[in-house]
Amino acid sequence: MTSPSILIAGASIAGPVLAYWLRRYGMNPVVVERAPDLRLGGQTVDLRGAGKDVVYRMGLERQVHERTTREEGIHFLDESGQIRASLGADDFGGEGPIAGVEILRGELASMLYEHTRHETEYLFGDRVESLHQEDDKVQVRLLNGGERTFDLVIAADGTRSKTRDLVFGAGTELRFLGGYAAYFTIPRVDSDGTWARACALPDGRSVLLRPDNLGTTRALLTYLSSNPGHDKLDPRAQKDMLQRLFAHAGWETPRVLAEMEHSPDFYLQGITQIRMPCWSRGRVAVVGDAAYAPSGVTGMGTTLALVGAYILAGELARYRDSHQAAFASYEALMRPYVTRTQHLPPGIPRLANPRTRLGIKVFHSVLRSATHPLVTRALGKVLRPPADTLQLPDYSALDRRAAAFERAEDAEGVSAGA
Ligand SMILES: Cc1cc2nc3c(=O)[nH]c(=O)nc-3n(C[C@H](O)[C@H](O)[C@H](O)COP(=O)(O)OP(=O)(O)OC[C@H]3O[C@@H](n4cnc5c(N)ncnc54)[C@H](O)[C@@H]3O)c2cc1C
């Protein structure tokens with residue numbers, strides 16, 4: 001394989017990061033995104049450990065720091081609005097529930113897109129309709145863009161990936177963890193301050209309000225339920241359900257419910273993990289949420305997507321002549337990290353969403369003592385995600401090899417044209 005052409009489905013986090021590193025190693029990525037434009041919605045996501053390093057290795061450290069939400073930490077309140085426990089952004093070495101680097105998903109996505117769009121072909125408003133694998137290539141039919149041929153195809157199109165399903169079919173487990181989260185943006189008021197505020201309500205419900213850097217507030221309503229399928233209802237039915245579920249709840253819940261009705265970016269999703277026995281089949285592989293969404297409760301979805309894209313690109317550059325070897329090595333390096341992240345402590349998410357008032361009191365008193373070294377050790381897995389348990393491989397030598405390779409290709413072009 002000389003300079004492989006690689007189709008990536010999905011232009012959110014994993015897709016553009018993969019495109020960036022593939023270009024840097026002299027390959028030709030094309031990104032196809034179903035939405036007509038870059039999707040800028042979503043709440044705050046955490047950049048942690050190795051994931052943060054990937055973004056910094058892309059030269060984006062200064063931009064990230066300029067665009068973080070600057071939350072100072074999180075207060076846990078009761079229904080009367082009294083603060084019962086607080087965790088600062090710097091507690092747990094900046095890797096606690098509020099990470100040292102919190103950034104709006106849309107801010108990160110647009111930064112990654114801007115960083116790649118000049119060297120990568122992006123096809124918006126299109127998607128893979130079918131694909132046919134042959135020994136030496138993949139024939140792809142795009143919904144609007146006709147037939148194209150690629151050396152490889154990578155699905156980075158999220159938890160509900162259709163590209164993945166075209167190839168892996170029923171081999172993907174969507175593990176529903178028994179709860180839902182509804183996200184939306186609401187106008188900012190004075191009480192929103194500079195700290196995130198979380199209010200636990202009886203019956204496993206909670207309201208989280210997070211100030212952002214764009215002058216608005218990001219709201220999150222979570223609730224436990226053993227019924228799958230709420231995420232398939234239309235938004236009106238979902239909002240009606242939330243109005244019923246959170247009716248008469250205290251604190252600032254009435255304000256949040258009222259604003260939810262007018263919010264421009266409401267969406268509700270199940271707390272779900274994606275599990276796959278193998279992340280590649282032939283010339284197609286999966287990355288990010290499409291392959292191993294860990295669920296929002298881990299705070300690790302973005303970090304896994306960043307690290308997975310970096311390693312997949314690096315292994316494709318290392319094993320330039322064998323995509324089989326590259327895919328196998330990507331999986332060998334990445335799977336232990338994913339397994340550790342997806343292994344939730346028993347009782348999560350139920351323990352973090354107590355059903356009774358007594359349970360809420362216990363929850364708050366555990367959080368009050370969470371920064372005590374003994375409790376930190378006992379709760380380490382819950383409060384400090386395993387983001388830094390992976391040492392990022394160093395692919396800088398491949399960078400140099402790619403530069404030499406590109407020079408050789410240019411020279412070949414010149415002599416062929418002479
Ligand atoms: C609009 C939006 C809002 C989000 N909000 C939050 C949030 O508030 N909190 C949080 O923790 N996580 C949120 N996420 C998820 C978060 O981005 C991911 O968990 C994580 O960053 C991993 O990203 P990913 O690139 O693997 O997948 P995703 O971020 O899910 O991106 C998948 C991309 O693929 C596109 N796509 C879908 N189907 C196709 C197709 N058939 N062909 C081509 N493209 C397709 C989607 O439009 C999307 O751009 C959101 C994702 C999106 C798309």
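**Exercises: ligand shell and open sheet**

A backbone N or O atom of Ala-14 lies 2.9 Å from an oxygen atom of the ligand. The model is predicted.

**Exercise 1.** Find which other residues place a polar backbone atom by a ligand oxygen atom, and how much of the ligand the protein covers.

*Solution.* Start with Ile-13: a polar backbone atom of this residue is 3.0 Å from an oxygen atom of the ligand. Next take Gln-43, where the distance from a polar backbone atom to a ligand oxygen atom is 2.6 Å. Now turn to area. On its own, the ligand has 920 Å² of accessible area, and the protein covers 89% of this.

**Exercise 2.** Describe the shell around the ligand by residue count, residue class and contributing elements.

*Solution.* Count first: 25 residues surround the ligand. The closest are Ser-12, Glu-33, Gln-43, Tyr-267 and Asp-289. Then sort by class: 8 are nonpolar, 9 polar and 8 charged. Last, assign elements. Strand E2 (28-33) and helix H9 (301-318) each supply at least two shell residues. H9 gives the most, with 3 residues.

**Exercise 3.** Work out the strand order of the open sheet and explain why one side of E7 and of E17 is left without a neighbour.

*Solution.* Write down the order of the 6 strands: E7-E2-E1-E11-E18-E17, with mixed pairing. Look at the edges. Strand E7 (121-124) and strand E17 (280-281) stand there, each with a single partner strand, so one side of each has no neighbour in the sheet. Then move to the pair E1 and E11. Strand E1 (residues 5-9) runs parallel to strand E11 (residues 152-155), and 4 bridges join them. Within this pair, Ala-9 has Ala-155 of E11 as its bridge partner.

Conventions:
Residues numbered from 1 in each chain as written. Predicted model: local features only at pLDDT ≥ 70, side-chain atom pairs only at ≥ 80, totals over all residues. Heavy atoms only, no water. Near = heavy atom within 4 Å. Polar contact = N/O pair within 3.5 Å; in protein donor to acceptor, adjacent residues only side chain to side chain. Areas by Shrake-Rupley, 256 points an atom, 1.4 Å probe, with all protein chains shown as cover. Nonpolar A, V, L, I, M, F, W, Y, C, P; charged D, E, K, R; others polar. Pairing = 2+ DSSP bridges.
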